[in-house]
Amino acid sequence: QVRLVESGGGLVQAGGSLRLSCAASGSIFSINAMGWFRQAPGKERGFVAGISRSGDGPYYADSVKGRFTISRDAAKNTVYLQLNSLNSEDTAVYYCAAKKLSSSWSRPDYWGQGTQVTVSS
């Protein structure tokens, strides 16, 4: 089993920045990639960004390209998401996710508990 713990969410003004962190523990050897999803009120959860151990990617949703950056610290088993130029449409609960090599981002194997990001205008 893999445990994912997010941190770094909060309230920020439009145009501001935040950095989210996701620390993985447990059977991390089974993880091939980690990433971020988000879910706004009344909307489905959607892929934001992903990065793999093998060097594939990173991958981004079109809506965040050029504004968000995903990175990882292999030694700390931690993935980060830098959020810049935030706007109200970025308000959502952000979830960390991890998947095995055989899985796809359409159905990750593990989820974190989520962290709220609220952008005020």
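1. Terms and basis. Helices (H or I, at least four residues) and strands (E, at least two) are DSSP runs, numbered from the N terminus. On that basis the protein reads β-β-β-β-β-β-β-β-β-β-β along its sequence. The count comes to zero helices and eleven strands. This is a predicted model, in which local features need pLDDT of at least 70, side-chain atom pairs count only at pLDDT 80 or more, and totals for chains, interfaces and linings use all residues. Residues are numbered from 1 along each chain as its sequence is written, and side-chain values use heavy atoms, with hydrogens and water left out.

2. Overall dimensions. The radius of gyration, taken over C-alpha atoms, is 13 Å. Along its principal axes, the C-alpha trace spans about 40 × 30 × 25 Å.

3. Of the 121 residues, 46% count as buried. Buried means under 20% relative accessible area, exposed means over 50%, and partly exposed lies in between (1.4 Å probe, protein chains only). Contact means heavy atoms within 4.5 Å. Take the contacts between residues at least 6 apart in sequence: 55% of them join residues at least 24 apart.

4. The four-stranded sheet. An open sheet of four strands runs in the order β1-β3-β8-β7, with antiparallel pairing. Its edge strands are β1 (2-7) and β7 (68-73), and each pairs on one side only. The twist averages 20° from one strand to the next. Axes here are lines fitted to C-alpha atoms, for helices over the stretch in contact, and angles run from 0 to 180 degrees between N-to-C directions. Two strands pair if DSSP finds at least two bridges between them. β7 and β8 (residues 78-83) pair in the antiparallel sense over six bridges. D73 has T78 in β8 as its bridge partner.

5. The loop at N77. N77 sits in the loop between β7 and β8. With 25% relative accessibility, N77 counts as partly exposed. Residues up to four places away in sequence aside, N77 touches C22, A23, A24, I28 and R53. The C-alpha atoms of N77 and G8 are separated by 16 Å, and the two residues are 69 apart along the chain.

6. The disulfide. A search of the whole structure finds one disulfide, defined as a pair of cysteine sulfur atoms within 2.5 Å. The partners are C22 and C96, with sulfur atoms 2.0 Å apart. The link of C22 and C96 is left-handed, at -80° about the S-S bond. C22 lies in β3 (residues 18-26) and C96 in β9 (residues 92-99), so the pair ties together parts that are 74 residues apart in sequence. C22 and C96 are both buried.

7. Strand β9 and its partners. β9 is mostly covered, with eight of its eight residues buried. β4 and β9 run antiparallel and are joined by seven bridges. In β9, K99 is the bridge partner of A33. β9 also pairs with β11 (residues 115-120), in the antiparallel sense, over three bridges. There, A92 stands opposite V117 in β11. Two bridges join β9 to β10 (residues 110-111), again antiparallel. A97 stands opposite W111 in β10. In a regular strand the side chains alternate between the two faces of the sheet.

8. R38. This arginine lies in β4 (residues 33-39). R38 is buried, because its relative accessible area is 14%. Two polar contacts deserve a look. One, of 2.9 Å, joins the side chains of R38 and Y94. Another, of 3.5 Å, joins those of R38 and S63. A polar contact is a pair of N or O atoms within 3.5 Å; within protein, one must be able to donate a hydrogen and the other to accept it, and residues adjacent in sequence count only if both atoms are side-chain atoms. Leaving aside neighbours within four places in sequence, R38 is in contact with E44, R45, G46, V48, S63, V64, F68, E89, D90, A92, V93 and Y94.

How values were computed. The radius of gyration is taken over C-alpha atoms; the globule rule is 2.2 Å times the number of residues to the power 0.38.
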